Structures are given as C-alpha cells and as structure tokens.
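Subject: Handing over the structure

Hello,

Here is the structure I promised to pass on to you.

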Amino acid sequence: MSVYLLATLDTKGTEAAFVRDRLRAAGVDVVVVDCGCVGEPTCPADVSRDEVFRAAGKLLPQMQSQGERGVAVSAAASGAAELVRRAFDENKLSGVLALGGSAGTNIGTTAMQALPIGVPKLMVSTLAAGDVSRWVGGKDILMLNSVVDISGINRISRQVLANAAFAMAGMVYGRKALDIVDDGAADRPLICASMFGVTTPCVQHASRILEESGFEVLVFHATGGGGRAMESLIAEGLIAGVLDITTTELADELVGGILSAGPDRLTAAAKHSVPQVVSVGATDMVNFGPRDTVPAQFADRKFHIHNATVTLMRTTAEESAALDKEIAEKVSASKVPAAIMLPLQGVSAIDREGQPFDDPAARDSLFEAVRKNKGNVELIELGEIVNDEAFAAAAAQKLIELIQSQQVAAGAM
C-alpha cells in the first residue's frame with residue numbers, strides 16, 4: 001500500500017519531489033500523481049496527468065486547448081477523486097497527501113472527500129490559516145498551513161513540508177499498529193447522536209442506555225462541522241441508527257447564523273434508509289460570535305451571551321414554525337421507521353420556565369408545524385423538557401425499537 005501524493009507538477013514539482021523523498025526515507029511507499037494541465041512537469045509522476053483527466057472522462061489535449069483553468073481544475077479534482085477511491089477499493093492506498101494553493105487545495109481535498117473517515121488525509125495549503133470548512137467538509141482532513149507560498153524549497157518550506165511527510169508517515173504506521181491491536185474484533189452497531197451544550201444531559205443519558213443495549217454511540221457536536229461529519233458517516237453506510245436530538249444547525253442555516261451544516265443537514269438517514277429518532281433540541285437559538293459581530297439587522301432581537309465568543313439569539317415564532325416544517329418534511333421522506341419527539345416544556349437548557357429563552361408562543365409554533373407536516377412519521381409528544389431523563393430514555397428506547405423493527409423486516413425479505 002502507498003501514500004498517494006497529489007500535486008500540480010508543473011508548478012509544485014520541486015516541492016512534491018522533496019516530500020516524496022522524505023516519505024521514502026521514512027520507509028513509506030509513494031505514488032506521485034500529477035494533477036497539472038499546462039506546463040511541463042518538473043518531477044516524474046507515477047500517475048500521469050493524462051490518466052487523471054481520463055479518470056474524469058476527459059482528454060488532456062481537450063483541457064489544454066480550452067484554456068479554461070477553472071474547468072481544468074474541476075476535471076482534475078474529479079479525476080483525482082476517482083483514482084484515489086479506486087486505489088483504496090483495490091487495497092493499494094494507505095493515505096493521501098496533497099500540496100497546493102487554491103487550485104491544488106480544491107483538487108487535493110476533493111480527492112480526500114472521496115475516501116472513508118479513518119484513511120489518513122493531509123492537505124498542505126496556502127489557505128489553511130483561514131476558514132477551512134469548505135475543504136474539510138465532514139471528513140477527517142488535516143489542513144497544514146504552508147506559512148510561505150509553496151514555491152521552492154527554503155528555510156521555512158523545508159520545515160513545513162518535512163513535517164507534513166513525517167506526519168503522514170506517522171499516521172500510516174500508527175494505523176497499521178492499531179489494526180494489530182484491534183485484532184479484527186467485531187465492533188458493536190453504531191449510533192450517531194447530535195449534541196449541543198444545552199442538550200448535553202439528554203444525549204448523555206440516552207447514550208448510556210444505548211451503550212448498555214449493545215450499541216456504540218458516536219456523538220457529534222452540532223456546530224456545523226459536526227453535523228456535516230455525521231451526515232457524511234451516515235451516507236457511508238456504517239450507521240445502524242440515528243438519534244438526532246439536536247437539530248439546531250438548521251436554525252443557523254435558515255436565519256444566517258455561523259454554525260450551519262448546510263441545506264443537506266437531516267437528509268442522509270432518510271436517503272440511505274437508516275432508522276432515526278429526531279427531536280428539536282436547541283432550535284430555540286441561532287449562533288453568532290462575540291456580541292459585536294452580530295449583524296445589525298438583528299439588533300432588536302432577544303440575545304443570551306453564552307460566553308465571550310458565543311452569542312445566542314432566540315428564534316422567533318415564525319422562524320420556529322419554518323424550522324419544524326423543514327424537520328417534519330425531511331424526516332417524512334424516510335422509507336424506513338422514523339419518529340419525531342417533542343419535549344413540550346422546552347427544547348434546550350435555556351428554553352424553560354425561568355430561563356432566558358423561555359417562549360411558550362415560539363414553542364407552540366414549533367410544535368404545531370411538526371403536527372401539520374409530519375406525514376406518516378410517528379410523532380411522540382412528552383410533557384417534559386428535552387434534558388429530562390424521562391425524555392432521554394424514551395428517545396433511546398424508541399430508537400432501539402425502530403432498529404429492531406427494521407431488522408425483523410429485513411429478515412423477512
């Protein structure tokens with residue numbers, strides 16, 4: 001098995017050769033993939049640019065004659081993704097390391113996105129010092145800031161690129177060692193759960209019940225990246241059930257907060273026929289940074305300062321209704337058992353009597369929208385707050401019931 005090293009060898013050939021040599025010195029097999037298009041490669045490639053574009057259903061001369069850099073980059077990204085996924089499926093790939101500026105980062109991370117979580121992925125990028133969410137998505141991609149431009153070997157780039165090679169070597173060797181320690185032991189069925197600080201007691205109690213029932217629970221923090229990672233893992237077919245208690249990321253997507261997981265949040269379980277129990281945890285809030293960063297159009301809204309870097313804004317009755325309509329419609333798309341659970345006395349730790357976001361009218365709008373749009377999905381309403389142990393236990397037991405009913409149905413086919 002080899003580390004696939006991706007770079008545009010016409011502009012990053014010298015740097016790719018440097019990283020290749022460090023990997024080989026560490027005893028790691030390397031396959032150098034040329035993702036360039038126009039200039040002549042300055043480093044030999046094990047996989048040529050012709051092969052990269054053919055994997056994308058394109059021809060290199062066609063790309064070169066068009067003279068459209070954006071089109072070529074998109075094609076190279078698609079081809080690189082196809083090649084690394086094929087290599088992984090054939091048990092030839094142990095990790096992916098890529099070098100690049102904006103184009104190389106797009107190519108490298110697109111390829112990495114095609115691989116399962118757990119496969120070592122390292123992107124050395126000139127863009128890694130900023131917001132990297134668009135490149136990382138829901139995968140375990142390590143972004144390493146190149147500090148200086150990836151343009152030649154100098155006293156800074158030498159250290160950064162060498163560290164990249166050593167980090168990749170460490171991940172590859174560590175993964176092999178872990179495989180030996182695990183000794184092929186069968187894992188318990190996996191459950192995904194979504195959690196926020198204000199829904200922690202619920203998810204922790206439900207997780208204990210699920211663990212005691214023989215499941216392994218993966219908890220995702222509902223901060224945008226967590227939701228994307230959870231959706232990605234569900235889509236990979238590794239999950240037996242979903243306990244989506246905390247759907248707050250949908251509020252950020254709807255209103256314009258900073259923790260959106262994108263429009264596809266809460267779609268993977270229905271699309272991939274995974275049983276799910278969904279609630280409305282923390283949909284009473286939209287997330288922003290420090291108070292002075294909240295957009296001016298929200299000046300007259302109700303806020304709660306969670307800490308110096310997090311400001312929470314209460315969702316209105318109208319926003320709550322739109323949120324629960326979306327939740328109900330997305331869950332009702334499921335073709336396997338699913339349920340929506342409503343905590344009638346409060347959807348978060350601060351949405352209850354005496355707390356900053358207590359708003360019965362907003363809650364009523366939230367719940368009524370679910371009732372109207374749930375379709376054939378089972379709706380369970382409990383007269384508790386989301387963090388009450390009774391609500392958490394009911395959610396866990398309902399998910400176990402749904403998983404078991406699907407297993408019975410599958411066995412009868």
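Below is what was found in it, beginning with the whole chain and then going into the parts.

This is a predicted model, in which local features need pLDDT of at least 70 and side-chain atom pairs count only at pLDDT 80 or more, while totals for chains, interfaces and linings use all residues. Residues are numbered from 1 along each chain as its sequence is written, and side-chain values use heavy atoms, with hydrogens and water left out.

**The whole chain**

The protein chain holds 14 helices and 14 strands; these are DSSP runs numbered from the N terminus, with helices being H or I of at least four residues and strands E of at least two. Its radius of gyration is 24 Å, close to the 22 Å from the globule rule for 413 residues, so the chain is as compact as a globular protein of that length. (The radius is taken over C-alpha atoms, and the rule is 2.2 Å times the number of residues to the power 0.38.) Along the principal axes, the C-alpha atoms fill a box of roughly 70 × 55 × 40 Å.

Of the 413 residues, 51% are buried. Here buried means under 20% relative accessible area, exposed means over 50%, and partly exposed is in between, using a 1.4 Å probe and protein chains only. The accessible surface of the protein chain is about 17,800 Å², and 52% of it belongs to carbon and sulfur atoms; such areas come from the Shrake-Rupley method with a 1.4 Å probe, and for residues only the protein chains shown count as cover. Among contacts between residues at least 6 apart in sequence, 71% join residues at least 24 apart, where contact means heavy atoms within 4.5 Å.

Two strands count as paired if DSSP finds at least two bridges between them.

Now to β1. Six of its six residues are buried, so β1 is largely enclosed by the rest of the structure. S2, Y4 and L6 cover one side and V3, L5 and A7 the other, all of them buried. β1 pairs with β3 in the parallel sense over five bridges, and L5 stands opposite L97 in β3. L97 also has a bridge partner in β4, namely L122; β3 (residues 93-100) and β4 (residues 121-125) pair in the parallel sense over five bridges.

β1 also pairs in the parallel sense with β2, over five bridges, with V31 in β2 as the bridge partner of Y4. From β1 the chain crosses through α1 to β2 in a right-handed β-α-β crossover.

In the loop between α1 and β2 you will find V28, which is buried with a relative accessible area of 5%. Leaving aside neighbours within four places in sequence, V28 is in contact with V3, L23, A169 and Y173.

**The three-stranded sheet**

There is also an open sheet of three strands, in the order β10-β12-β11, with antiparallel pairing. β10 and β11 (303-307) are the edge strands, each pairing on one side only. The twist averages 30° from one strand to the next.

β10 (residues 285-288) and β12 (residues 310-314) run antiparallel and are joined by four bridges. In β12, M313 stands opposite V286, and L312 stands opposite N287. M285 and N287 point one way from β10, V286 and F288 the other, and all are buried.

H306 lies in strand β11 and counts as partly exposed, at 45% relative accessibility.

Enjoy exploring!

Definitions and conventions:
Axes fitted to C-alpha atoms, helices over the stretch in contact; angles between N-to-C directions. Right-handed = clockwise from strand over helix to strand, strands pointing away.
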